[in-house]
Amino acid sequence: MRQAAPPRREWTDAEVLDVMHRATRGDTYVSIGADYGVTRSAIAGMVSRIREAELPCLCTKPENRDGGMPARWWVRS
């Protein structure tokens, strides 16, 4: 008999940003998933969906475009 799939996990914005930051700097999906209690595939799927999204940049100020914010700007000091 197949085991039921675990319930879907809801991600906070800060968690998604952290996953993307870690994936961008080269952390493995296995290590990221282990820290969040999910599989490598869950992390790979999240990163893939975000990277493939065709979202137009609506930023008008250059400082708000890619590279305009410091690393981990969402983390409170």
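The following questions and answers concern a predicted model.

Student: How are helix α1 and helix α2 oriented to each other, roughly parallel or roughly antiparallel?

Tutor: Helix α1 covers residues 13-25 and helix α2 covers residues 29-36, and the two pack with their axes 10 Å apart at an angle of about 155 degrees. Since angles over 145 degrees count in this way, α1 and α2 are therefore roughly antiparallel.

Student: Into how many nonpolar, polar and charged residues does the contact of α1 with α2 divide?

Tutor: On the side of α1, the contact is made by E15, D18, V19, R22 and A23, while α2 brings Y29, S31, I32, D35 and Y36. Divided by kind, the residues of this contact are 5 nonpolar, 1 polar and 4 charged.

Student: What is the handedness of the crossing in which α1 passes α2, left or right?

Tutor: The crossing concerns the two helices that pack at about 155 degrees. Where α1 passes α2, the crossing is right-handed.

Student: Are the rings of W73 and W74 stacked or edge-to-face?

Tutor: The structure holds 2 aromatic pairs. In the pair of W73 and W74, the ring centres lie 5.9 Å apart and the planes stand at 90 degrees. Planes over 60 degrees apart fall into one class, so this pair is edge-to-face.

Student: Is R72 buried or partly exposed?

Tutor: R72 lies in the segment after α3 (40-52), and although R72 is not a glycine, its phi is positive, at about 55 degrees. Buried would require under 20% relative accessible area, whereas R72 has 32%, so R72 is partly exposed.

Technical notes
Residues are numbered from 1 along each chain as its sequence is written. This is a predicted model: local features need pLDDT of at least 70, side-chain atom pairs count only at pLDDT 80 or more; totals for chains, interfaces and linings use all residues. Side-chain values use heavy atoms; hydrogens and water are left out. Helices (H or I, at least four residues) and strands (E, at least two) are DSSP runs, numbered from the N terminus. Buried means under 20% relative accessible area, exposed over 50%, partly exposed in between (1.4 Å probe, protein chains only). Rings of Phe, Tyr and Trp (its six-membered ring) pair if their centres lie within 6.5 Å; planes under 30 degrees apart count as stacked, over 60 as edge-to-face and the rest as tilted. Axes are lines fitted to C-alpha atoms, for helices over the stretch in contact, and angles run from 0 to 180 degrees between N-to-C directions. Angles under 35 degrees count as roughly parallel, over 145 as roughly antiparallel, 65 to 115 as roughly perpendicular and the rest as oblique. A crossing is left-handed if the near helix is turned anticlockwise from the far one by less than a right angle, and right-handed if clockwise. Contact means heavy atoms within 4.5 Å. Ala, Val, Leu, Ile, Met, Phe, Trp, Tyr, Cys and Pro count as nonpolar, Asp, Glu, Lys and Arg as charged, and the others, Gly among them, as polar.
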